[in-house]
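Welcome! Here are a few friendly notes to read alongside the structure. Take them in order, with the view open beside you.

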Amino acid sequence: FGVAPATVWLAKLGLTGAAFVGAVLAVLAAGVLATTGAAWAKVSPEEADKLGKTLTCTGGEKAGSASGVPEFTGKWLGTPPGIDYKPHTGQHPPDPYKNEKPLFTITAENLAQYAERLTEGQKAMFAKYPKTYRIPVYPGHRDFRFPDFVCDAAKKNALNATLSADNLGVDHAVKGAIPFPIPKNGLELAFNNLLPFRSFNESTIRDNANVLSDGNIAWGRTHNRSMALLNSPEEAGKPLEGKMAQGMNITILPEREKGIVGVNQEPVHFGKDKRLAWSYDPGTRRVRQVPEYGFDQPMAGTGGKMTIDQDRLFNGAPLRYDWKSLGKKEIYVPANTYRLHGNDVKYADLLKPGHANPDFMRYELRRVWVLEATLKEGFRHVFGKRVLFLDEDTGQALMSDYYDARGQLWQHGVMNHYYAYDANTFHAGTSFFYDLNSGGYVAYNMTQERPQASVLNKGDQTPAMFTPEAARNAGN
């Protein structure tokens, strides 16, 4: 980082006085620690050789557990046998496990029996909604695998990838897989969640619902396009550098915001580049650059219940938090959530006061990495702490508990993934962000009542579609 670049960068965050000086010293200290840590960040050839053997090719333990974690079979790549699916068309995903019934259901009455495998946020949901909140637990399955090029990239990253000296990026990694399949610390886990293998382009008209405590709903709808070429098969194995992703968001609802267009560009390395965003205002017909984008800025259309960096439970620069791995734990998490994403699901049946209807949820027992992020002294954020639960096979966060500046549990976030047959990877579908204070929640990224779900990897996007000029054209 260096003193001069650090001071300029921190000044942009609005830090002054003692907080400014302390932040500079913290940045420099972090750089020293990262430099010394880089020597051991790589794993040995002997440890990397476990990938694809006792470990999945992306680092999960293949074996199941006596308590019910399923064994990894990886028997399916793409669409399973017997499933009628037309890729790249936005077809709602058919459920390969549609005939299964829950093994048992966790309720407020039997909570004590299962409490050790629940998060604090889940337990708080039972306390707030003892009569209606339930967790249906299904048979576990780890039947889907990644393409071979993902496994090849993961092996290279295990042997070579290191955290950058400023802790804001990854050095010596390649595209096509998580950078740290055998993670050794919290920051490596954070970058796995930021840089997993997922679809390389996506187009979705999605509905968002701000569900108030009395059950009334304020609706939002956007057309979202995104492109992450680092996940394209043609890019696999090339150096991890440049842009992480590019996106465009066109507002359709609410009516008063219709026609607002935003485009953004996400860097791979947050120390070398910054997030950039532009907004088109239909009232003035002008595009302006957004001075700062991300962190705890409110997500449009959520009534302030959701921050920009809560999309996918955490996104953006890891700058403002100290990241600590709390190791692995067996937790009941959402998995294989095809039922939730069926086109037979009606919003009126799904969105109930307090929380989503448990009848559409599917939980399984899995091993997850527990990642604790604590706000650094001198930095600001509405969340003083966040605890994320990352799937051991993919590196992606499945749930997160959010705490306020006083250390009080505030929100519980649930991300429902499913294996997307046309992308050969796991897709982040509908998520729920529960406000444990107000009793309201946000249902985010819903496509159940749309004619199409997400259109993945159609290959019809280019970088020119995500520029300020493209925002102007989309608005006009």
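How many bridges join strand 13 to strand 14, and do these strands run parallel or antiparallel?

1. Please keep in mind that this is a predicted model. As for the opening question, strands 13 and 14 run antiparallel, joined by 12 bridges.

2. Is strand 14 enclosed or open? Of its 13 residues, 11 are buried, so strand 14 is largely enclosed by the rest of the structure.

3. Now turn to the nonpolar cores. The largest has 42 residues, and V170, F191, L195, W323 and L388 are those with the most contacts inside it. Several elements each supply at least two residues of this core, among them strand 13 (321-334), strand 14 (363-375) and strand 15 (385-391). Helix 7 (186-194) is also one of these suppliers, and helix 7 gives the most, with 5 residues.

4. Leaving aside neighbours within four places in sequence, L195 is in contact with V170, A177, I178, P179, L230, L240 and M244.

5. Finally, do look for the second core, which is separate and has 41 residues. Y114, V333, L340 and F389 are included in this second core.

Technical notes. Residues numbered from 1 in each chain as written. Predicted model: local features only at pLDDT ≥ 70, side-chain atom pairs only at ≥ 80, totals over all residues. Heavy atoms only, no water. Core = buried A, V, L, I, M, F, W, Y, C linked by side-chain atoms within 4.5 Å. Buried < 20%, exposed > 50% of the residue type's maximum accessible area, 1.4 Å probe, protein only. Helix = DSSP H or I, 4+ residues; strand = E, 2+ residues; numbered from the N terminus. Contact = heavy atoms within 4.5 Å. Pairing = 2+ DSSP bridges.
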